[in-house]
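I opened my notebook for a first look at this structure. Come along, and I will jot down each thing as I look it up.

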Amino acid sequence: MDALDNILLRNSARSLTLPHPTEEEMETVYKAALRAPDHAWLRPSRFIQVTGEGLNKLSEIFVEYAKENIDDVSPETLEKYKSAPFRAPMVIILVTNVTEHPKVPEIEQMLSSATAGQNILLALNALNYSAIWRTGIFAFNEMVSQRMGLEENQKIIGYLYVGTSEGKVKNIPELDPSDYVTEWS
Ligand SMILES: Cc1cc2nc3c(=O)[nH]c(=O)nc-3n(C[C@H](O)[C@H](O)[C@H](O)COP(=O)(O)O)c2cc1C
């Protein structure tokens, strides 16, 4: 696919099913992620790839967190959190491993991981897969990261739900760049 078309036509998908990318394809996807801009080459991004039984583990983490931390959580809400990881056959948990650096603050390291996330979305699109980036209460959440066994400096910045798009694909909105661009010349 033409590189510009890949960017212009990328479309997040809410309904995702099998197949998910193969191990070999994911190797390429992670190489693309690791080409994200990265101040001082700190390599701040980490990726937890969740499939199969791992989705049950993620579901249990979400439910246990909700039971212990949300007052009077309803059975409907618990069911929603329990089923959340199964909205796709693969979930990539996007993590920033924050390190102390005199010139690179935490926000820049998280921004680098965000661009790694976009590179993942674009690489998946180029390989004819689809994905959607979600956050919600389980991102930027220290208790959830602890339950995942992450260190204190490792922040969950998002969840990429990955698979093959099924059902209707939404129209990509036509935006006029002149509404967003100011020129100084
Ligand atoms: C940091 C970040 C967090 C997001 N969190 C959610 C979310 O929790 N739930 C959701 O439905 N969409 C979320 N989105 C938006 C979707 O990923 C997606 O961009 C949106 O549905 C628009 O589709 P498009 O990417 O095809 O334009 C998030 C996007 C970003 C960048």
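Predicted model: local features only at pLDDT ≥ 70, side-chain atom pairs only at ≥ 80, totals over all residues.

**An exposed tryptophan, and onward**

I began with W41, which is exposed, with 8 other C-beta atoms within 10 Å. The cut-off I used here calls a residue exposed if 12 or fewer such atoms lie within 10 Å, so W41 qualifies.

Next I looked up the backbone of W41. Its phi is positive, about 50°, although W41 is not a glycine. I placed W41 in the loop between α2 and β2.

I then turned to A40, which lies in the loop between α2 (23–33) and β2 (45–51). A40 also has a positive phi, about 65°, and is not a glycine. Is A40 exposed, partly exposed or buried? I found 14 C-beta neighbours inside 10 Å, so A40 counts as partly exposed.

**A cis peptide bond**

I checked the peptide bonds and made a note of the one from L18 to P19. This bond is cis, with omega near 0°. Where is P19 found? I traced P19 to the loop between β1 (16–17) and α2 (23–33).

**Two helices side by side**

My next entry is about a helix pair. Two packed helices are described by the angle between their axes and the distance between the axes, so I looked up both values. Helix α3 covers residues 53–69 and helix α4 covers residues 75–83. They pack at an angle of about 155°, and their axes are 7 Å apart. An angle over 145 degrees counts as roughly antiparallel, and α3 and α4 are therefore roughly antiparallel to each other. I also noted that their crossing is right-handed.

Which residues meet where α3 packs on α4? From α3 I listed S59, F62, V63 and A66, and from α4 I listed T77, L78, Y81 and K82. I sorted the residues of this contact into five nonpolar, two polar and one charged.

**Around the ligand**

Last, I looked at what surrounds the ligand. I wrote down N11, S12, I132, W133, R134, T135, G136 and G158.

Methods: Residues numbered from 1 in each chain as written. Near = placed C-beta within 6 Å. Helix = DSSP H or I, 4+ residues; strand = E, 2+ residues; numbered from the N terminus. Buried ≥ 20, exposed ≤ 12 C-beta atoms within 10 Å, placed from the backbone. Axes fitted to C-alpha atoms, helices over the stretch in contact; angles between N-to-C directions. Parallel < 35°, antiparallel > 145°, perpendicular 65-115°, else oblique. Left-handed = near helix turned anticlockwise from the far one by under 90°. Contact = placed C-beta atoms within 7 Å. Nonpolar A, V, L, I, M, F, W, Y, C, P; charged D, E, K, R; others polar.
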